Amino acid sequence: MTTFHVTQEGPVNALALNKDFSQVAICGRNVFKVYTIEEDKFREVCNVRASKHLNVGFSCNDVSWSPTDDHYLATAATNGHVSVWNLTKMGKAMQEQDYQDHKRTVNKVNFHASEPNKLISGSQDGTMRYFDIRVKSAVAVFYSNTESVRDVQFSPHSPYAFSAVSDNGSVQLWDIRKPEKYQQQYTAHSGPVFACDWHPEVTWLATASRDRTIKVWDLTNKPTLEYTIHTIASIGHVKWRPQRKYHIASCALVIDCSINVWDVRRPYIPFAAFNEHRDIASGVQWRGDPDIFLSSGRDSTLYHHSFNNASRPAAKANPQGLAVNNNGEIIFARKIPPFQTSASSTSSMTTPTSLAKATVGLMRKISMTQAIDQFHHASSMLQHFSHVNEMANYESESILALSKNYVLSGRSISEMCEHNSVVAREFGKPHLSVVWKIIKTMYGEEFLQNSIHAGSSNREEVAHNNINMSNISSAVIQIESTINSHRETETDQKSKAASDTQAAQFSGGDDETENEDQVDNVGTYTGFPTYLNVRSGLPKGDFSFGENELDMELDSLNADFHNVYRGYNHASADGSDWILPNEAFPIRHEIQDRSPPPEQFPNHHHSPDLHEDTQPIYQVEETSSTLISVSKIPKKSSWDPSSLVVETLKHHAILGDIQTAACVLIVLGDCRKFLKELDEATEEHWLLGYIEMLTSYKLWNNATQIIKLAWLPSVYQLNQQSTRINTNCGKCLKPLQRVGWLCDRCHSSKYALCSICNQVVKGLYVWCQGCSHGGHIAHMKQWVSTKKMCPTGCGHLCEYG
């Protein structure tokens with residue numbers, strides 16, 4: 001058989017076949033015809049609309065051919081009419097009955113499978129009406145109590161049962177002898193159900209819905225969902241394939257113009273597809289042969305299909321796939337060419353001729369297995385790649401260790417950063433240790449003033465610079481004192497006494513002693529002291545510096561001193577009356593002498609040549625030829641590290657280290673306000689991600705700690721959600737609202753009694769989730785330690801834990 005079609009004057013809404021599948025009737029708004037099906041074409045037998053004497057001025061939604069009598073057709077119309085047609089008559093007499101019982105559009109009409117005079121209809125008015133074509137009105141009315149009935153179908157397994165589907169997603173099962181109420185009702189879909197069809201062999205009912213699924217229900221006893229087919233569009237029509245238990249055809253309402261035949265065991269890809277229609281297909285009818293069916297469509301066509309011309313979507317699917325799990329294992333599936341399979345299965349055949357014969361034999365075997373009624377099977381090989389994932393295990397162990405040992409609250413920023421740095425180093429994370437060190441340097445309490453006073457007034461900046469200079473001076477003095485103590489152990493006591501005497505003459509006391517040996521070892525840079533040559537003289541153990549940290553500190557001090565020196569030179573170049581001597585001399589950095597400036601600048605604060613925000617760069621008092629006291633230092637701009645910190649945290653988050661990003665934010669505390677480039681949404685994302693990570697590792701306490709320390713309402717309110725649990729009454733299942741042992745509905749405490757002591761449990765209560773019996777925790781724990789059966793004798797095997 002080949003595929004052929006015939007074109008109509010307008011869209012075709014439905015079609016029906018007679019009992020011997022030799023004729024087909026089609027109907028639509030402007031179409032109502034009967035065709036005889038020949039070998040390779042349709043031959044028109046009757047055009048009902050061609051008659052001028054018939055009341056056919058309304059469009060047809062559905063058509064049904066009597067399964068027992070070839071003479072009768074029934075149509076459902078949009079104006080609520082149900083008509084019965086006798087094809088043996090002519091003219092006006094052809095329309096034997098015109099029922100007007102429905103008040104709205106009739107969606108479906110169906111003849112009874114064994115009684116030729118009975119038919120049923122379903123309408124938008126929410127009713128189903130049972131007709132006897134020998135009577136002028138409906139003999140029974142079934143009220144579905146829904147807005148619309150979309151489809152009704154008589155069951156082939158019972159002469160009295162029929163099913164109805166409606167817009168509320170429910171399926172109703174009725175007995176035609178009991179129109180007062182349905183036998184069963186269940187919710188089948190989350191959207192309107194447009195079609196249903198009974199399986200011809202087993203008690204299965206297929207339903208199709210707007211939720212883009214086709215579901216197969218086993219109605220032998222209680223409705224049970226057996227299969228679910230997922231489609232790309234809402235389904236309007238379904239029809240089981242004869243002689244194929246697991247095959248069903250479907251038509252979409254929108255988007256998809258194809259007619260798909262599904263194997264319910266393979267729900268994600270069609271078994272076969274027919275793409276001849278150019279618009280939505282409106283109906284499918286099988287010709288009693290599993291390989292031949294007819295379809296109508298909104299493209300004004302009627303098609304005759306053969307399975308020989310079907311496309312197989314599964315054959316076009318990619319037979320290769322790749323999957324990676326979180327342990328780094330890889331599963332790879334690849335298609336095996338026929339010759340490769342034959343070579344592997346016939347390794348003993350080595351000659352080209354024998355290999356060719358094996359390949360042909362294999363191809364013949366594959367062609368037989370992939371017959372017309374078999375789902376496409378691609379030969380593929382599954383390969384599993386795995387390795388000892390030491391790195392993944394190491395990362396997991398590191399995350400656990402850091403989470404349990406980090407300190408995130410209760411101490412100062414410096415202490416927390418120092419502790420966390422040590423923890424990171426101990427657990428093999430030196431780069432994280434450096435990050436914590438840098439955070440301590442930037443936001444520790446001893447460096448916090450620089451960030452707090454950034455952007456303040458000039459007067460505050462000057463004071464801040466003095467404080468900063470004091471810090472630098474203190475650090476240098478500590479280094480100098482260490483060098484002195486080290487030098488003293490190596491110099492002669494006599495030379496030391498002479499040096500002390502000489503230094504005392506300049507400074508006036510032992511507390512300000514600096515010997516010439518120190519001056520020689522300090523070194524000079526364009527007349528200003530440097531400390532680059534003191535590194536080798538430091539005794540080991542006096543300072544705790546990391547690798548290159550001492551070098552960085554000394555370089556920083558040198559840079560600060562050079563900036564001060566350049567400030568002096570700039571001041572001289574700006575018109576000062578004096579010039580700083582260029583010879584090398586030691587400097588006392590402690591700001592102890594706050595004497596006024598030299599007389600060259602007697603009223604510098606009120607000089608008309610200086611603006612209010614332009615203070616003198618320095619004040620200096622020369623106390624001797626080799627000693628000066630600095631009371632004000634050059635103004636220097638504050639460096640804001642916030643952008644660098646934000647960039648670092650984002651870098652760690654991108655690498656998957658959400659732990660570091662979240663923990664640093666928590667440790668910073670109030671200093672988070674300086675991270676202005678970090679938006680609240682990102683902070684929330686990091687915190688929630690870290691909480692989820694801790695939860696995945698079952699670190700419930702740590703996750704709760706993070707929630708508690710969070711500063712965002714969307715995070716710290718997590719612990720305030722879902723904190724109430726209601727126990728239910730064992731009889732009526734109503735939640736116990738007021739107390740946990742008295743039901744407001746039953747007014748009984750029977751189900752709150754301890755199963756062992758039979759007393760009301762007013763404290764902690766434990767119960768078995770299997771049988772709902774329980775009691776005092778101590779009693780139940782003691783019971784299950786020796787016995788397995790429920791203490792009430794219900795026969796349930798209870799578990800405690």
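Cys790 is buried in this predicted model. Its relative accessible area is 5%. The closest cysteine sulfur belongs to Cys794, at 3.6 Å. That distance is too far for a bond, because a disulfide requires sulfur atoms within 2.5 Å. A disulfide is a covalent bond between the sulfur atoms of two cysteines. The structure holds zero disulfides. Cys60 is likewise in no disulfide. For Cys60, the nearest cysteine sulfur is that of Cys27, 4.8 Å away. Cys60 counts as buried, because its relative accessibility is 3% and the limit for burial is under 20%.

The chain as a whole contains 17 helices and 37 strands. It has 801 residues, of which 42% are buried. Among contacts with a separation of 6 or more, 49% join residues 24 or more positions apart.

Helix H13 spans residues 658-668. Of its 11 residues, 11 are buried, so H13 is largely enclosed by the rest of the structure. The buried set includes Thr660, Val664, Val667 and Leu668. Cys663 is also one of the buried residues of H13. Gly669 follows H13 and has a positive phi, near 60°.

H13 packs against helix H14, residues 680-696. The two axes come within 9 Å and cross at roughly 120°. The crossing is left-handed. H13 contributes Ile658, Gln659, Ala661, Ala662, Cys663, Leu665 and Ile666 to the contact. H14 contributes Glu683, Trp686, Leu687, Gly689, Tyr690 and Met693. By class, this contact has 10 nonpolar, two polar and one charged residues. The H13 residues in the contact, among them Gln659 and Cys663, are buried.

H14 also packs against helix H15, residues 700-709. Here the angle is about 165°, and the axes are 8 Å apart. H14 and H15 are therefore roughly antiparallel to each other, a term that applies to angles over 145 degrees. H14 passes H15 in a left-handed crossing. On the H14 side, the contact is made by Leu687, Tyr690, Ile691, Leu694 and Thr695. On the H15 side, Trp700, Asn702, Ala703, Ile706 and Ile707 take part. The contact divides into eight nonpolar, two polar and no charged residues.

The loop between H14 and H15 holds Lys698. Phi of Lys698 is near 60°, a positive value in a residue other than glycine. Most residues other than glycine have a negative phi. Lys698 counts as exposed, because its relative accessibility is 61% and exposure begins over 50%.

Arg212 lies in the loop between strand S19 (204-209) and strand S20 (213-218). At 46% relative accessibility, Arg212 is partly exposed.

A further helix pair is formed by H6 (residues 430-443) and H12 (residues 642-654). These helices pack at an angle of about 155°, with axes 12 Å apart. H6 and H12 are therefore roughly antiparallel to each other. H6 passes H12 in a left-handed crossing. From H6, the contact draws on His431, Leu432, Val435, Ile439, Met442 and Tyr443. From H12, it draws on Ser642, Leu644, Val645 and His652. Seven of these residues are nonpolar, three are polar and none is charged. An α-helix has 3.6 residues a turn, so residues three or four places apart point the same way. On H6, Val435 and Ile439 both belong to the contact with H12.

Ser137 sits in the loop between strand S12 (127-132) and strand S13 (140-143). Its relative accessibility is 36%, so Ser137 counts as partly exposed. Beyond its neighbours within four places in sequence, Ser137 is in contact with Tyr99, Asp101 and Phe131. The C-alpha atoms of Ser137 and Gln97 are separated by 9.2 Å. Ser137 and Gln97 are 40 residues apart along the chain.

How values were computed: Residues are numbered from 1 along each chain as its sequence is written. This is a predicted model: local features need pLDDT of at least 70, side-chain atom pairs count only at pLDDT 80 or more; totals for chains, interfaces and linings use all residues. Side-chain values use heavy atoms; hydrogens and water are left out. Axes are lines fitted to C-alpha atoms, for helices over the stretch in contact, and angles run from 0 to 180 degrees between N-to-C directions. Helices (H or I, at least four residues) and strands (E, at least two) are DSSP runs, numbered from the N terminus. Angles under 35 degrees count as roughly parallel, over 145 as roughly antiparallel, 65 to 115 as roughly perpendicular and the rest as oblique. A crossing is left-handed if the near helix is turned anticlockwise from the far one by less than a right angle, and right-handed if clockwise. Contact means heavy atoms within 4.5 Å. Ala, Val, Leu, Ile, Met, Phe, Trp, Tyr, Cys and Pro count as nonpolar, Asp, Glu, Lys and Arg as charged, and the others, Gly among them, as polar. Buried means under 20% relative accessible area, exposed over 50%, partly exposed in between (1.4 Å probe, protein chains only).
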